[in-house]
Amino acid sequence: MKHWKRLLALFLSGAMALALCACNSGDSTESPEPSAEASGEPEVSASAAIEADLSKSALEFSAGLSPNDVLLTVNGEDVRADVFCYLLGNACAQTQQNLYLNYGGASLSDLPDASAQLLERGVQLSIYHTLARQKAAELGCLLTDDQREEIKAAMDETDLEHIAPLWDLTDEGIQFASEMNYYSDNLLAAVTHEPSTQELDEYLESQGVFSVKHILLMTVDQATQEPLPEEEIARKKTEAEGLLAQLQAAEDMPAKFDELMNEYSEDGGLATNPDGYVFTKDDSLAGGFREAALALKEGEMSGIVETDYGYHIMLRQPLTDEAKAGYQENYRYDALDEQMDQWVEESEVTRSDALADLDAVDFFNRLAAYQQALSAQQAVDAPVESGAVG
């Protein structure tokens with residue numbers, strides 16, 4: 001699921017550089033269910049610091065561009081460098097954050113083929129948001145007066161004088177960035193509908209959505225992920241067999257399952273997921289876990305299932321009405337994505353030579369350095385400006 005609209009940081013929330021600083025000092029969070037090891041794990045390497053030249057503008061320093069340079073045309077409409085690089089910068093920042101959370105210390109420079117992939121991501125985002133405005137005009141779902149008032153009020157409350165130079169956004173670029181999510185919302189309302197019960201059930205099946213509880217006895221050290229001693233693993237298996245026997249003999253198996261799960265399970269996510277988990281086909285799970293869960297009918301319990309993390313006893317659960325309702329919005333966003341994919345395929349797009357020469361990772365690293373330096377300079381200058389007014 002692409003869910004294009006959600007992938008972008010809001011322009012009015014501030015500078016990318018500040019988000020990166022927070023990312024570098026933040027704590028990573030573990031998935032409630034241990035995931036299978038990721039393939040192609042990036043090598044973490046040191047990178048030389050970039051000294052920003054604040055005598056240049058953000059785009060001139062980071063990409064050798066001016067804000068009004070045309071990088072794309074979509075159905076004859078120009079996508080200029082300020083908007084394109086804003087979208088590309090957001091895509092890079094999100095990928096960088098994901099790398100940090102999953103591979104602490106890794107950067108985009110450590111990811112194979114990152115520049116080409118991220119540049120294409122920027123192109124697709126630019127096409128999407130340009131098409132969104134074009135299609136909104138065709139379908140008669142342009143911004144309402146209330147939406148324009150909301151945008152104006154938000155912009156009036158934002159320090160655009162300091163934020164815009166961080167991205168080298170023109171007034172037109174600021175307006176475009178501020179309106180993007182509203183156009184997506186209007187298209188969502190215009191071309192999708194609330195799913196019927198049957199449509200939602202079919203959608204959930206297509207997405208591989210299922211609910212499961214499990215009792216986990218770990219055979220690896222939680223801190224190092226190294227296997228436990230063989231005698232300890234043998235003890236865990238014997239313990240799992242004993243728990244399974246109790247469950248098979250129980251008159252009220254679901255109640256007994258909860259009792260034993262709360263007492264014996266070593267799943268670190270149990271406290272925050274006491275009623276079990278809801279997974280989709282996109283979730284990365286320990287090898288064998290998904291297959292074992294999907295082999296069960298709703299309300300059915302497994303035997304002992306072994307994964308790289310330990311011994312599991314699973315209880316497949318029906319999806320609650322509340323859980324199903326949580327996917328209604330996903331249904332609509334996926335429907336919009338499908339429609340947008342069709343529009344993108346039908347669109348006429350021309351790419352400039354300047355776009356082909358753009359190195360996305362180098363651009364991002366230089367832009368981040370520039371934003372950090374300019375933000376620091378703005379902080380130094382602010383008291384002076386304040387005193388001058390007084």
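Colleague: Why does Cys85 count as buried?

Modeller: Keep in mind that this is a predicted model. Buried means under 20% relative accessible area, and Cys85 has 1% relative accessibility, so it counts as buried.

Colleague: And what makes Cys92 buried?

Modeller: Its relative accessible area is 0%. The cut-off is under 20%, so Cys92 is buried too.

Colleague: What makes H4 roughly perpendicular to H13?

Modeller: Helix H4 (residues 114-139) packs on helix H13 (residues 328-346) at about 95°, with the axes 10 Å apart. Roughly perpendicular covers 65 to 115 degrees, so H4 and H13 get that label. By class, nine nonpolar, one polar and one charged residues make up their contact. On the H4 side, the residues include Tyr128 and Leu131, and they meet Leu336, Met340, Trp343 and Val344 in H13.

Colleague: Which residues have the most contacts inside the largest nonpolar core?

Modeller: Phe84, Leu88, Leu118 and Phe363, in a core of 64 residues. Helix H3 (residues 81-102) gives the most to this core, with 11 residues. Leaving out residues up to four places away in sequence, Phe84 touches Leu71, Val123 and Leu355, among others. Another core, of 15 residues, lies apart from that one and includes Ile215 and Phe257.

Terms used
Residues numbered from 1 in each chain as written. Predicted model: local features only at pLDDT ≥ 70, side-chain atom pairs only at ≥ 80, totals over all residues. Heavy atoms only, no water. Buried < 20%, exposed > 50% of the residue type's maximum accessible area, 1.4 Å probe, protein only. Axes fitted to C-alpha atoms, helices over the stretch in contact; angles between N-to-C directions. Helix = DSSP H or I, 4+ residues; strand = E, 2+ residues; numbered from the N terminus. Parallel < 35°, antiparallel > 145°, perpendicular 65-115°, else oblique. Contact = heavy atoms within 4.5 Å. Nonpolar A, V, L, I, M, F, W, Y, C, P; charged D, E, K, R; others polar. Core = buried A, V, L, I, M, F, W, Y, C linked by side-chain atoms within 4.5 Å.
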